[in-house]
Amino acid sequence: MASKLKILIVDPIHIKLKNYMERNFTITVKHPITQQELINCIKKYDILVLRSGAQVNNQFLEQAKHLRAIIRAGTGIDNIDLQALSKTDILFYNTPSTNSRAVAELSFSLMHCLFRHIKRASTEIESNIWNKKLLMGFELKNKNLGLIGFGSIGQEIARIAKGYDMQVSCTVSHYTAERAADMKKKDITLFDDLNVLMAFNDILVVCCPYTESTKNLLNKNNLCHLQPTSILINVARGGVVSEQDLYQSLANRDIYGAASDVFEYERQFSPLFTLDNFIGTPHIGAMTNESQEKIADLIIRFLEEKLLKEVY
């Protein structure tokens with residue numbers, strides 16, 4: 001029997017997947033790991049399993065002499081240089097659309113937390129402060145909800161929103177009158193102007209991919225269109241929203257509040273963390289047992305079909 005392939009895991013994975021890998025491969029877990037540490041050790045491994053932290057770029061690929069596959073245990077590929085990767089023989093696999101429900105539900109959790117002052121209430125009650133009158137909030141029912149992007153996550157958010165009797169609208173990268181008419185049949189308004197969408201809605205959720213065209217898509221030039229009673233939720237990628245401009249809007253109380261599960265620079269302090277009308281979470285959108293188990297099942301199938309058959 002051939003020796004087992006060596007897998008390097010640099011981000012958390014579901015226990016089902018880890019147990020499977022331990023039975024069939026030689027695994028090493030290095031989490032957390034710096035980019036330089038990853039580059040220094042990658043030549044020892046056949047397979048890399050990662051999420052959003054590590055960067056797959058030319059510098060990395062130059063050292064990945066024995067790598068046969070890179071597995072992104074999730075959807076996003078903004079940390080993967082696909083053009084550089086395509087010039088190698090390394091297989092790439094990711095698991096799109098597996099986290100849509102998890103991210104959508106987190107979006108609503110953050111809406112509730114902002115509108116009902118959950119963060120402040122929890123902190124104050126720990127000191128036996130009961131400021132009920134100062135914690136007056138808002139319901140989600142009948143609010144106008146705007147979505148920037150209408151992929152699998154946006155569509156799941158829209159489905160949930162109907163249960164709140166919310167009015168849903170969105171913008172997409174490619175607007176057409178035909179698409180707008182089709183969306184209207186689903187009781188969703190499609191805007192071709194981002195500024196109009198932002199001015200129209202009580203709640204704005206950013207759920208579009210991160211690309212060169214969406215880098216700093218939300219900035220001081222359009223954040224000003226939000227109302228003082230509006231909230232902003234970012235479950236896309238940190239670079240889609242200018243954190244500096246968002247900080248100014250929140251500090252000046254130009255908008256009611258904002259929450260983000262993603263940041264341009266993860267594991268680093270952001271001035272946003274100092275604001276009482278901001279809530280941050282450490283990129284936990286896909287971190288539900290159900291979502292991670294779906295990802296595990298897909299990766300197991302990939303490993304069996306593409307790698308184990310070649311070895312045994």
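# Worked exercises on a predicted chain

About 16200 Å² of accessible surface belongs to the chain, and carbon and sulfur atoms account for 50% of this area. Accessible areas come from the Shrake-Rupley method with a 1.4 Å probe, and for residues only the protein chains shown count as cover.

The model is predicted, so local features need pLDDT of at least 70 and side-chain atom pairs count only at pLDDT 80 or more, whereas totals for chains, interfaces and linings use all residues. Residues are numbered from 1 along each chain as its sequence is written, and side-chain values use heavy atoms, with hydrogens and water left out.

## Exercise 1. The chain as a whole

Determine whether the radius of gyration of the chain agrees with that of a compact globule, and describe the chain's overall make-up.

*Solution.* 

Step 1. The radius of gyration is taken over C-alpha atoms, and the globule rule is 2.2 Å times the number of residues to the power 0.38. For 312 residues the rule gives a value near 20 Å; the chain has 22 Å, which agrees.

Step 2. Along the principal axes, the C-alpha atoms fill a box of roughly 70 × 55 × 35 Å.

Step 3. The chain contains 12 helices and 12 strands. Helices (H or I, at least four residues) and strands (E, at least two) are DSSP runs, numbered from the N terminus.

Step 4. Of the 312 residues, 48% count as buried. Buried means under 20% relative accessible area, exposed over 50%, and partly exposed in between (1.4 Å probe, protein chains only).

Step 5. A contact means heavy atoms within 4.5 Å. Among contacts between residues at least 6 apart in sequence, 59% join residues at least 24 apart.

## Exercise 2. Aromatic rings

Classify the ring pair Phe191 and Phe200, then the pair Phe263 and Phe278.

*Solution.* 

Step 1. A pair of aromatic rings is described by the distance of the centres and the angle of the planes. Rings of Phe, Tyr and Trp (its six-membered ring) pair if their centres lie within 6.5 Å; planes under 30 degrees apart count as stacked, over 60 as edge-to-face and the rest as tilted.

Step 2. By this rule there are 10 aromatic pairs. Phe191 and Phe200 have ring centres 5.6 Å apart and planes at 55 degrees, so this pair is tilted.

Step 3. Phe191 is buried because its relative accessibility is 17%, while Phe200, at 43%, is partly exposed.

Step 4. For Phe263 and Phe278 the centres are 6.2 Å apart and the planes stand at 65 degrees, so the pair is edge-to-face. Phe263 belongs to the loop between strand 11 (257–260) and strand 12 (278–280), and Phe278 to strand 12, 15 residues apart.

Step 5. Both Phe263 and Phe278 are buried. Ring pairs join Phe263, Phe269, Phe273 and Phe278 into a cluster.

## Exercise 3. Two residues and their surroundings

State where Ser169 and Cys207 lie, and whether Ser169 and Cys207 are buried or exposed.

*Solution.* 

Step 1. Ser169 is part of strand 7 (residues 167–171). Its relative accessibility is 1%, so Ser169 counts as buried.

Step 2. Leaving aside residues up to four places away in sequence, Ser169 touches several residues, including Leu145, Ile188, Phe191 and Phe200.

Step 3. Cys207 sits in the loop between strand 9 (203–206) and helix 10 (220–223). With a relative accessible area of 10%, Cys207 is buried.

Step 4. With residues up to four places away in sequence again left out, the residues touched by Cys207 include Leu147, Ile157 and Val235. Ser107 is 100 residues from Cys207 in sequence, yet the two C-alpha atoms are 9.7 Å apart in space.
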